[in-house]
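Please prepare a short report on the model shown below.

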Amino acid sequence: MENIIEVKNLRKAYGENVVLEDISFTVGRSEKVVLVGPSGGGKSTLLRCLNRLEDDYSGSVLFEGASVSGAAKEELRKLRQKMGVVFQQFNLFPNMSVLENIMFAPVKLKIDNQIDAKKHGLELLDQVGLAEKADAYPQSLSGGQQQRVAIARALAMRPEVMLFDEPTSALDPEMVGEVLSVMEKLAKEGMTMIIVTHEMSFARDVADKVMFMDKGRIADVGTSEYIFHESTNPRTKEFLAKVMA
Amino acid sequence: MMFNFLEKYYPLFLQGTAQTIIISLIGIAFGILLGFIVVMMRMSRLKVLSGIARVYIAIVRGTPAMIQVMLIYYTLAQFLDIPSIQFLGSTLDRVIPGSIALGINSGAYTAEIFRSGIISIPVGQTEAGISLGLSEQTTMKSIILPQAVRNILPALGNEFISLIKESSVLFYIGVQEVTAQALGIGGTLYNYVPPLIVAAVIYFILTFLLSQLMEFIEKKMGAKYAHIN
Ligand SMILES: Nc1ncnc2c1ncn2[C@@H]1O[C@H](COP(=O)(O)OP(=O)(O)O)[C@@H](O)[C@H]1O
Ligand SMILES: [Mg+2]
């Protein structure tokens with residue numbers, strides 16, 4: 001399997017506080033990697049290091065063989081275009097309609113012209129089940145709808161990989177399903193995905209690889225079968241016992 | 001009758017009102033432009049730029065507007081060769097440096113208003129922008145600033161209103177705006193109270209109209225973000 005992402009010896013500290021240490025892993029094309037672990041374990045920070053929303057770390061991050069960690073400004077922007085990010089808080093642009101949210105970056109960055117971007121945007125909205133919301137403003141949508149638009153917006157850049165940081169944690173329980181099912185569909189279509197989530201049954205179903213992160217380290221890693229059923233790591237078992245209860 | 005003098009002096013009040021409006025408009029325009037430049041400097045990662053911006057803001061906020069106006073006027077008068085053409089009862093070589101001084105004063109306040117607007121936008125907006133591969137400049141210009149401007153409209157309106165009132169300091173450098181006219185007329189009449197009351201009413205009407213206009217603009221801009229609240 002060809003590696004899209006390679007992380008080597010990543011270490012990140014805020015002053016004295018070391019939040020990531022000794023992080024190395026690879027992500028193959030089409031692979032689904034799920035990060036789980038207790039709050040404060042470094043999952044978000046790790047995800048953010050991958051596209052350098054978080055800077056000033058040591059070690060290296062390669063994306064399709066190119067160094068993200070060492071990239072200059074222009075190059076970094078090119079790399080970021082291929083890594084879609086979905087945030088816990090959606091972060092849709094409130095000054096733009098749903099369709100404008102989706103079209104803005106592809107048009108601005110000349111990935112598509114206006115006409116193609118609109119066509120692609122409407123297709124993506126259809127895929128996330130929101131075709132009729134193209135002209136709505138984000139504030140008028142429910143959380144679940146906003147998050148589906150956010151996924152469509154990231155997909156509009158035709159990314160090679162999608163990073164999700166707790167995409168359902170800010171949602172009312174009844175809206176979690178609609179977002180997870182969009183993500184499941186994306187997974188089936190072969191998208192490479194790195195997902196931070198507390199939705200354990202989703203993790204178990206979708207993950208090719210589960211990384212259990214604790215205190216800034218990858219404390220345990222393996223197939224979902226291994227992590228959820230076979231691992232004898234006491235911290236993994238303790239964490240799972242807590243969240244599955 | 002207390003206000004009989006108006007029959008004779010109303011043209012001077014009209015002229016003064018026009019002068020006040022003009023110096024305020026120039027001051028506001030210049031202040032916004034300067035405020036925009038200063039906030040970009042203030043929020044720059046380059047220490048020199050943000051340092052200059054901080055010093056400028058601190059000086060303007062920490063000294064009387066009257067002294068600023070005089071200092072700027074006498075300094076500019078030395079370096080700029082503005083012809084002393086008559087203009088609404090004053091001369092351009094007073095009106096222009098005076099308006100610039102108002103703008104330099106207002107720029108510090110508008111810069112701070114802009115800054116509060118920009119930092120009121122959640123950092124997630126910037127992160128979403130740059131994660132899409134947009135440059136920081138594009139993110140600022142197309143995503144952050146439009147939201148920030150909308151948030152600060154009320155504060156900007158207040159700044160315009162206080163600038164109109166403070167434009168009376170140009171009296172000290174001989175610009176014949178409303179306050180100067182009222183004082184001049186008061187001197188002639190040996191009674192300052194009636195003309196000052198007239199001046200106060202004129203300021204009140206100007207600021208009231210401006211606040212109505214700002215409300216209208218806010219509503220209009222709000223309509224674009226349909227469904228908010
Ligand atoms: N900007 C920051 N400054 C200082 N410490 C931070 C910052 N962001 C995160 N941290 C710290 O890094 C650690 C890991 O946080 P995070 O990556 O958010 O964990 P998780 O996503 O697993 O909950 C926490 O201890 C947190 O307090
Ligand atoms: Mg987190």
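## The six-stranded sheet

In this predicted model, six strands of chain A form an open sheet of mixed pairing, in the order E6-E7-E8-E3-E9-E10. Strands are DSSP runs of E with at least two residues, helices are runs of H or I with at least four, and both are numbered from the N terminus; two strands pair if DSSP finds at least two bridges between them. The edges are strand E6 (83-86) and strand E10 (217-222) of chain A, each of which pairs on one side only. From one strand to the next, the twist averages 15 degrees.

Within this sheet, strand E7 (residues 161-165) and strand E8 (residues 192-196) of chain A are parallel and share five bridges. A:Val161 has A:Thr192 in E8(A) as its bridge partner. Helix H6 (residues 173-188) of chain A packs on the sheet and touches strand E3 (32-36), E7 and E8 of chain A, where contact means heavy atoms within 4.5 Å. The direction of H6 makes about 145 degrees with that of E8(A). Helix H9 (residues 234-244) of chain A also packs on the sheet, touching E3, strand E9 (209-214) and E10 of chain A, at about 95 degrees to the direction of E9(A). Such angles run from 0 to 180 degrees between N-to-C directions, with axes fitted to C-alpha atoms, for helices over the stretch in contact.

## The four-stranded sheet

A second open sheet has four strands of chain A in the order E2-E1-E4-E5, with antiparallel pairing. Strand E2 (17-28) and strand E5 (66-67) of chain A each have a single partner strand, so one side of each is left without a neighbour in the sheet. Helix H1 of chain A packs on the sheet, touching strand E1 (3-14), E2 and E4 of chain A, and its direction makes about 60 degrees with that of E2(A).

E1(A) and E4(A) run antiparallel and are joined by five bridges; A:Ile5 stands opposite A:Phe63 in E4(A). Strand E4 (residues 58-63) of chain A pairs with E5(A) over two bridges, again antiparallel. The bridge partners in E5(A) are A:Ala66 for A:Phe63 and A:Ser67 for A:Leu62. The hairpin of E4(A) and E5(A) has two residues between the strands, and A:Glu64 there takes a positive phi near 45 degrees.

## The ligand site

The shell around ligand 1 consists of A:Tyr14, A:Val19, A:Pro38, A:Ser39, A:Gly40, A:Gly41, A:Gly42, A:Lys43, A:Ser44 and A:Thr45, each with a heavy atom within 4 Å of the ligand. Helix H1 (residues 43-50) of chain A gives the most to this shell, with three residues. By class, the shell has three nonpolar, six polar and one charged residue; Ala, Val, Leu, Ile, Met, Phe, Trp, Tyr, Cys and Pro count as nonpolar, Asp, Glu, Lys and Arg as charged, and the others, Gly among them, as polar.

In the side chain of A:Tyr14, an N or O atom is 3.4 Å from a nitrogen atom of ligand 1. Taken alone, ligand 1 exposes 560 Å², of which the protein buries 59% (Shrake-Rupley areas, 1.4 Å probe).

## Conventions

Residues are numbered from 1 along each chain as its sequence is written, while chains are lettered from A and ligands numbered from 1 in the order in which they are written. Local features need pLDDT of at least 70 and side-chain atom pairs count only at pLDDT 80 or more, whereas totals for chains, interfaces and linings use all residues; side-chain values use heavy atoms, with hydrogens and water left out.

Definitions and conventions:
A polar contact is a pair of N or O atoms within 3.5 Å; within protein, one must be able to donate a hydrogen and the other to accept it, and residues adjacent in sequence count only if both atoms are side-chain atoms.
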